[in-house]
Amino acid sequence: MKVLITGGAGFIGSNVADGLLEKNYEVVIVDDLSNGRKENLPEEAKFYKCDIRDKKLYSIFKEEKPDIIIHNAAQLSVRISVENPLMDADINIMGGLNVINACHTYNINKIIFASSGGTVYGEQKYFPANEKHPTNPISPYGVAKLATENYLYYFYKTYGLKYISLRYANIYGPRQDPYGEAGVVAIFSNKILEGKNPTINGDGLQTRDYVYVGDVVDINLKAIESDFTGLLNVGTAKETTVVELFNILKEVSGKDDVKEIHGPPKEGEQRRSQLSYGLAKKVLGWQPRVSIEEGLRLTYHWFKNH
Ligand SMILES: NC(=O)c1ccc[n+]([C@@H]2O[C@H](COP(=O)([O-])OP(=O)(O)OC[C@H]3O[C@@H](n4cnc5c(N)ncnc54)[C@H](O)[C@@H]3O)[C@@H](O)[C@H]2O)c1
């Protein structure tokens, strides 16, 4: 079976590509390398440098005839989406729609979409959020993820294009960009390795639900094999504060001299996020396996060795 991954030179996409190749899938990657890296591309995968908004995408689909699309390519900064909602919508809505329309044009069996459970729900009304939680995104990034899910539903209902939208919590692990402003685990790991003190925004008691990328690879493999269509949260149903995360990383690093430093709070930052995984367990038999302590240890040592 042939799987085409958009954004496959990025953090999540390249880990998923490795997981697929290990299971003997054929893998094609489309990425414009705006944030992804050539070093992340597995040798066995065929690579096209292409923007997902480009018409060239259709000729790639025509040539490659993939069975399944995993759509990961995106502008992934919430802050940039706030500063420039038009640019965010152009990549994340129009680009996404171009991918979906290409799937429809070339009769692709199924599309798996990297959505965001951390942003589509907005400030949560209850914890953990399940898929029935109201969606009130408070960033253009979250709005764009939700809009893309609505297009997926439309193409499914109208043309029968099957989809699974994976509503990711905060994903972390090897290859995450340590220089971006998302990805606190990568940023903190890198700072500690550089002998610097990472800055905690505000009181550091804001929580997120952290999922190790190995568990994300696993759910993508299960999603490919499943007949389910619809939305699935990808979370651990656990919350970790930034201060807790800092303390675990400090312990893992063995560097007792790293200090807990606080900066100003990030304006408009969501306070808490926690996602259930009950539906994913029920329909895919998936559940997160890697604890936060183990995942942070694996991630820190990966950064240390790279
Ligand atoms: N990392 C997380 O915690 C998280 C959480 C929720 C959702 N997601 C979603 O998962 C997906 C992957 O995120 P990631 O963390 O691996 O980010 P990433 O930046 O490492 O990967 C995204 C990839 O998309 C590529 N890309 C960007 N714009 C493109 C365009 N116009 N055309 C072609 N390629 C383009 C980038 O070069 C990059 O390789 C994204 O859709 C993101 O919104 C990530």
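Contact, as the word is used in these legends, means heavy atoms within 4.5 Å. The model shown in every view is a predicted one.

**View 1. Helix H4 packs against helix H6 in a right-handed crossing.** Helix H4, which spans residues 85-105, and helix H6, which spans residues 140-159, pack with their axes 9 Å apart and at an angle of about 20°. Because angles under 35 degrees count as roughly parallel, H4 is described as roughly parallel to H6. On the side of H4, the residues that meet H6 are Pro-85, Asp-88, Asn-92, Ile-93, Leu-97, Ile-100, Asn-101 and His-104. Their counterparts in H6 are Pro-140, Tyr-141, Ala-144, Ala-147, Thr-148, Tyr-151, Leu-152, Phe-155 and Tyr-159. By class, the residues of this contact of H4 with H6 divide into 12 nonpolar, four polar and one charged.

**View 2. Helix H7 packs against helix H11 in a right-handed crossing.** The axes of H7 and H11 lie 10 Å apart, and the two helices pack at an angle of about 50°, which makes H7 oblique to H11. From H7, the residues Val-185, Ala-186, Ser-189, Ile-192 and Leu-193 meet Leu-296, Thr-299, Tyr-300, Phe-303 and Lys-304 of H11. Sorted by class, the contact of H7 with H11 has seven nonpolar, two polar and one charged residues.

**View 3. The buried residues of helix H7 and the elements that cover them.** Val-185, Ala-186, Phe-188, Ser-189, Asn-190 and Ile-192 are the buried residues of H7. The elements covering these residues include the strands E7, E8 (199-201) and E10 (210-212), together with the helices H9 (242-253) and H11 (292-305). After H7 comes Gly-195, whose phi is positive, near 80°.

**View 4. Arg-175 in the loop between strand E7 and helix H7.** The loop that holds Arg-175 runs between strand E7 (170-172) and helix H7 (184-193). With a relative accessibility of 22%, Arg-175 counts as partly exposed. The C-alpha atom of Arg-175 is separated by 5.2 Å from that of Phe-11, although the two residues are 164 residues apart along the chain. When residues up to four places away in sequence are not counted, Arg-175 touches Phe-11, Ser-14, Asn-15, Asp-18, Asn-40 and Trp-302.

View 5. Cys-50 is in no disulfide, and the cysteine sulfur nearest to that of Cys-50 belongs to Cys-103, 13 Å away. Seen from Cys-103, the closest cysteine sulfur is likewise that of Cys-50, and the 13 Å between them is too far for a bond, since a disulfide is a pair of cysteine sulfur atoms within 2.5 Å. Cys-50 is buried, with a relative accessible area of 5%, and Cys-103, at 0% relative accessibility, also counts as buried.

Conventions: Residues are numbered from 1 along each chain as its sequence is written. This is a predicted model: local features need pLDDT of at least 70, side-chain atom pairs count only at pLDDT 80 or more; totals for chains, interfaces and linings use all residues. Side-chain values use heavy atoms; hydrogens and water are left out. Buried means under 20% relative accessible area, exposed over 50%, partly exposed in between (1.4 Å probe, protein chains only). Axes are lines fitted to C-alpha atoms, for helices over the stretch in contact, and angles run from 0 to 180 degrees between N-to-C directions. Helices (H or I, at least four residues) and strands (E, at least two) are DSSP runs, numbered from the N terminus. Angles under 35 degrees count as roughly parallel, over 145 as roughly antiparallel, 65 to 115 as roughly perpendicular and the rest as oblique. A crossing is left-handed if the near helix is turned anticlockwise from the far one by less than a right angle, and right-handed if clockwise. Ala, Val, Leu, Ile, Met, Phe, Trp, Tyr, Cys and Pro count as nonpolar, Asp, Glu, Lys and Arg as charged, and the others, Gly among them, as polar.
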